[in-house]
Structures are given as C-alpha cells and as structure tokens.
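Hi everyone, thanks for coming along. I'd like to walk you through one model today, so please have it open as we talk.

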Amino acid sequence: MFENQISPKESEENLSDYYSSNRHTNGKDDKIHLQADDQLNRYVQLSWEDVNYYASVEGKRMHILKGVSGHANPGEFLAIMGASGSGKTSLLNILANRARSGNKAEMTGTIFANGKDTKEFNISKYAAYVTQDDVLLAVLTPRDCLKFYSKLRCPGTDKERHAKVEEILNDLNIARIADNLIGNTMIKGISGGEKKRVCIGIELMSDPCIVMLDEPTSGLDSYNAGVVVDLLLKQAAKGRTIISTIHQPSSNVFKKFDKLFLLAEGNVVYHGPCDISRKYFAELGYKCPKQVNPADYYMRMLHITNRHEKTEEEQNKLDLFVGSYNENHVKDTESKYELTELHEIEGYRPSYLVEFLELLKRSGKLAAKNRPLIKLHIVFSILFGTLIALIFNDIGNGQKAMQNTNGALYMITIWAIMEGNQAVIMNYYVERAVFLKEHDEGLYGTLTYFLSKNIVDLPWTFVAGFLTSVIAYFSLDLNLHDGSKYVIFYCIYVMALQCGMAFGYITGYMMSSVETALAFSTVILFPITAFGGQHVKVTSIPIAWRWITYLAPFKWVFQAFTVNEYNDWGRDCDNCDSLGHLGWSDELWQGPVGIIVLSTCVRLLAFILLKFLTRNKRS
Ligand SMILES: Nc1ncnc2c1ncn2[C@@H]1O[C@H](COP(=O)(O)OP(=O)(O)OP(=O)(O)O)[C@@H](O)[C@H]1O
C-alpha cells in the first residue's frame, strides 16, 4: 500500500538519533523573551495531560481519547490532524471547555494554561472558538456583524470600537466586501472563504489569546484554504496561540503549520514540528514519497477500515506508532514568549439596556431586510381578505345572515391566529442557530433576546392586520353601526395575530427545524379549532373537556369578533339570539381580555421553554 517503506526494525535504530538531534533545535536557543503587553495582554500556553474521553453510544462505552497529552505554544499554529473519528473535534472541544462530563460522556485529565489548572479559573475568557459551520445571518453584511459584536464584546468608546472593526476587516482582508450581503443558498452573497474570515473576525473581536478552530478550511478550495491559514499565521505572529483541527490540507497549506498533533484512534502518534514529521515517519518505515502530500499520506497511513474489528496489519501499525511516540517523544514546552500566571478575568459585558438595544436594532434590521418574507405577508394578507370577500359577499338577512357571518368571522379568526403563528416560526428560524451560538458564548442573556424579539415581531401585525381587516370588513358589509366597530374589529385582528405569534414561539423553541415546527403547530392548533364555538356550542362541550375552551385562542378571538358584530346588528333577523346561540354573553370586554391573558401566559411559557432550551444546550 505504501511505497518506499523502511522496515520497522531498521527504523528503530534511527529514532533515538532523530530525537536527540531534534531536541536541540527546538526552543531554548532561539528563545525571544517578549514582554506581556507587547501586542496582546497575555501570552498563553495551553497544555493537556492524560486526557481521556469516554462516550456512551447505544449503551456501549466508547473510549474516544486515550490518555492524550500535548501542548500548544503562543505564537504557533498547532494543527490537529487524524483520520475521521480519531477524536480531533473531541479534543478541541475539551480544550475549549466545551465538552463536559455528563450522562453520556465522561472526561478525565487536566488542562493547564501557563501551568495553572484551568479548573481554577475560566479559561474561556482567554480563548475564542470558531465552529466548523459558519453561523452567520445571511441578510447582514460583514461590517454589520463585526459592529454588533464590537458593541457587545469590546469596552471603550464608539470611536475605538469603530477603529477595531476596521482593523479586523483590514487584517482579514475583507474590507473590500465589508458592505456586501453575507448570503446563503437563497441569497447571493460573499464566498465561503470570506464567510470563514468573517467568523474568525467575530471571534477576534474579544482579543483572545488562544484561537481554536474546528476545521476552518473544510469546504474551501485550496486557494481559499491557504488564505485562511495565512491569516491565522498572521494572528499567531502577534503572539496568539492557534489550535486548529484540519481535514485534508493541501501540501502547500500543510507546510505552513508550525506544529502537528497527529491522532490515531484516540492516541497521539506524532506531536512536533510539521516539517520534520516526514522524517519521523520515514524512520518508522513509512516514507512519504516526495511528490505526495504528507497530509494525504498520513491519512492513508492511519486509516482504519473498521475500528471495532481492526485487521492484524492495522493493529500492528497502530501499536508501532503509539509505542514509538510513547517511547521517544520529548516534551518540549519551552515558549519564546514570556508566560505569566493567569487569573480569573471578567469578560466585558455591557449593561442589559445596551444588550437589549443592540439586539433590537439587529432584529429590526433582519426583519426589514427579509424582503421575501415581507412580500409573502403582504400578498397573503391581501389574498385572504379578497378570498373572504368573494366567498361571503352575499351575507343576506335572517338566520342565513347569522350563519354566514359566523362562518366568515370564524375563518378570519383561524386565519389571523395561524398567520401570526407561522410568521413567527419562520422569523425565528432565520436566526435560531445564531442565537443559540451567541447565547452559548454568553454574548447576551435569554431575557434580553426574548424581549427584543417580542417587540420587533410586533410592527408587521399592524400592517398585515390592516390589509386583511380593511378588505374583509368592508367587502363583507359587516356591522357599521358606528365607526368604532371597524376600529375594534381591527384591534381584535391585531391581537389575534399576536396571540398566534405567542403559540409560534412555543413551537419554534420546541422543534429543531422549521419544517417540524410548522407541521407541529398545525397538528396542535387544528384540533383546538373545535373548541372555538363555531363547530359546537361551547356549553355543549362535555364538562371534562370544556376547560380547553379557556386555552383555545380561537374561542376568545371568535367571541370578541362576534360580540362586536352582533351588538347593535343592523340586519333583519327576528328571534336571532346570535350570541346566546354561540353560548356567550354580549359583554365586549371578555374576548379581548381572554386574548390578552392567554397571550401573556403563553409568552411566559415560551420564555421558560427558551430558558430551558438554552440551559440544556449549555450542559
Ligand atoms: N458525545 C459523544 N457521544 C457519542 N459519540 C461521540 C461523542 N463524542 C464523540 N463521539 C464519537 O467519537 C468519535 C470521535 O469523534 P470526533 O468528532 O472527535 O472525531 P473527529 O476526528 O473530529 O472526526 P471527523 O474528522 O469525522 O469530524 C466518533 O466516532 C464520534 O462519533
């Protein structure tokens, strides 16, 4: 399988020479004692000792990381590589304090930062983590994103924040596209490489000493991957510690890494300078041919077809690499930067008011820029109003008029609640992933997010409510006893939309995808329409089920519409006890109060659910 193999026996003799020569070239002689505050506040060396990670999969306990030790120096780019499933991401998550022991996973071992156990202080205040997926808002621009983060992460004046945003845009070479939309599969935007640079820029906003990245070059072509790695090397040159998992780097990219941390089946098989890894493996009998990319060669070399049933050859190879590493590895933790003791630091956190206002501004911008959704609402509101006008345009008089009016008002009730419900679900999913990520990073609290969302989601209800209500009300020739009748109708319509939205928050927070949330909300709300008073008189519902009418938004909205309509009804209808027939009194206040109380309780429940969701995600 591998060309130019040297037999293990031959190689054993050379290994000690290799290490003894290597030992003198690393560190001490060319040590530069840079003072803290030269460019960063602190230089951080991260080291990890005997890290074990176990996870339960289908009742079986898997040993994912097997006593892994290593370190990453400030001013260096450490690339963590290994075949798929070797434990790269697990290790990175552990180093970033993102993997915690729990029911299904258990972690042992110690992580030190400048020699201090990270259990004694919160290392995440010194570190930034760039996830593999680009969690960005498509309708914003890179400048919008960085500005938002600068407000929530950087202390100082607006002028200083502005300067920082510009500096990062220039540093990452994205100033030229800073005002283009980020985009997604639906909206044309910046390229994948540029998106990755925006994600890195966001993390640099808090001036981290350590930057950890999970496969930052995945999905990028070799040119863009090279650009991203160059930018990270530039950050390393400032004294930052860069730790990154990397999947299949090109040979050009590979040779740029300072240090390589190679994992196989949860074991370290190489940790040292990237440029001498070839020689190391050659001496072990696995010589990478000159024209072959070492990264590809190592992946093939370490590939195991089925980790639960390794072939004898695979097991021997693994034993050789692990044995050789354990025997020969020299721990050289010398850093060219001066390392000072780290303490618990308070990350910058603006006041709740600033958080709230920034979220409000961003959510408002998102809502305003989401043109397809705005157009959809306007078109649907007009279409529905017109549809109602066409179907119920001859309401007539007598019993027939009562039946037709009830039908029209109940359709409007259902439409308003469902429209509010679906709109909020679709809006929420535009920013769900971003919210969960930002909240997880402690950028802002659940309450400020929830309040800002609830406020930003309101204005469109006034517009959508006006469009549908004005068309439906006047074309149906509803009660025009006095001008206030239409105004009340409009207010009830807006309240109905908002009540539907409250239910939308609940389903949105419960489901992880927009499709399931939309389907779930329809399945839940549809049976409740039976309790609205149109299909069956409320007082005829069996007592055991009648309590549901109090939780049915349809009942309160329908009641409000009908009381407004039938009080001082101008149509000819002898013996028409419309409201008595429906099972409620002619008191107008009951319906609106019912809607407000129900909406408030449901929103409160949604907030509790969101709190639970975010807490669950953190743990
Ligand atoms: N919490 C967990 N529960 C169950 N299995 C887990 C958990 N964490 C990791 N694993 C398993 O451990 C193995 C290593 O996962 P990890 O994501 O660290 O590998 P990786 O080297 O990053 O792989 P890839 O390159 O494919 O992303 C995988 O088989 C993964 O399914």
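This is a predicted model: local features need pLDDT of at least 70, side-chain atom pairs count only at pLDDT 80 or more; totals for chains, interfaces and linings use all residues.

Residues are numbered from 1 along each chain as its sequence is written.

Let's begin with the ligand. Which residues come nearest to it? Of the 14 residues around the ligand, those are Ala55, Ser84, Lys88, Thr89 and Ser90. Being near here means that a residue's C-beta atom, placed from the backbone, lies within 6 Å. Two elements, β1 (46-57) and α2 (88-95), each supply at least two residues of this shell, and α2 gives the most, with 3 residues. Helices are DSSP runs of H or I with at least four residues, strands are runs of E with at least two, and numbering starts from the N terminus. By class, the shell has 4 nonpolar, 8 polar and 2 charged residues. For those classes, Ala, Val, Leu, Ile, Met, Phe, Trp, Tyr, Cys and Pro count as nonpolar, Asp, Glu, Lys and Arg as charged, and the others, Gly among them, as polar.

Now for helix packing. Two packed helices are described by the angle between their axes and the distance between the axes. The axes are lines fitted to C-alpha atoms, for helices over the stretch in contact, and angles run from 0 to 180 degrees between N-to-C directions.

Take helix α3 (residues 142-153) and helix α11 (residues 352-369): their axes come within 10 Å and cross at roughly 165 degrees. That makes α3 roughly antiparallel to α11. The cut-offs are under 35 degrees for roughly parallel, over 145 for roughly antiparallel, 65 to 115 for roughly perpendicular, and oblique for the rest. On the α3 side, Asp144, Phe148, Lys151 and Leu152 meet Val354, Glu355, Glu358, Arg362 and Lys365 of α11; contact means C-beta atoms, placed from the backbone, within 7 Å. This contact of α3 with α11 has 3 nonpolar, no polar and 6 charged residues.

What about α3 and helix α5 (residues 192-204): at what angle do they pack? The angle is about 15 degrees, with the axes 9 Å apart, and α3 and α5 are therefore roughly parallel to each other. Here Pro142, Cys145, Leu146 and Tyr149 in α3 meet Val198, Gly201 and Ile202 in α5. Those residues divide into 6 nonpolar, 1 polar and no charged.

The contact includes Phe384 and Ile388 of α12 and Trp460 and Leu467 of α15. By class, it divides into 10 nonpolar, 6 polar and no charged residues.

Last, the record. An unreviewed UniProt entry places the feature "transmembrane region" at several spans, including 376-396 and 517-536; positions follow the numbering used here, feature names are shortened, and annotations may be inferred rather than shown by experiment. In the model, the end C-alpha atoms of residues 376-396 lie 33 Å apart, and the span is 76% helix and 0% strand. For residues 517-536, the end C-alpha atoms lie 28 Å apart, with 60% helix and 0% strand.

Methods
Two residues are in contact if their C-beta atoms, placed from the backbone, lie within 7 Å.
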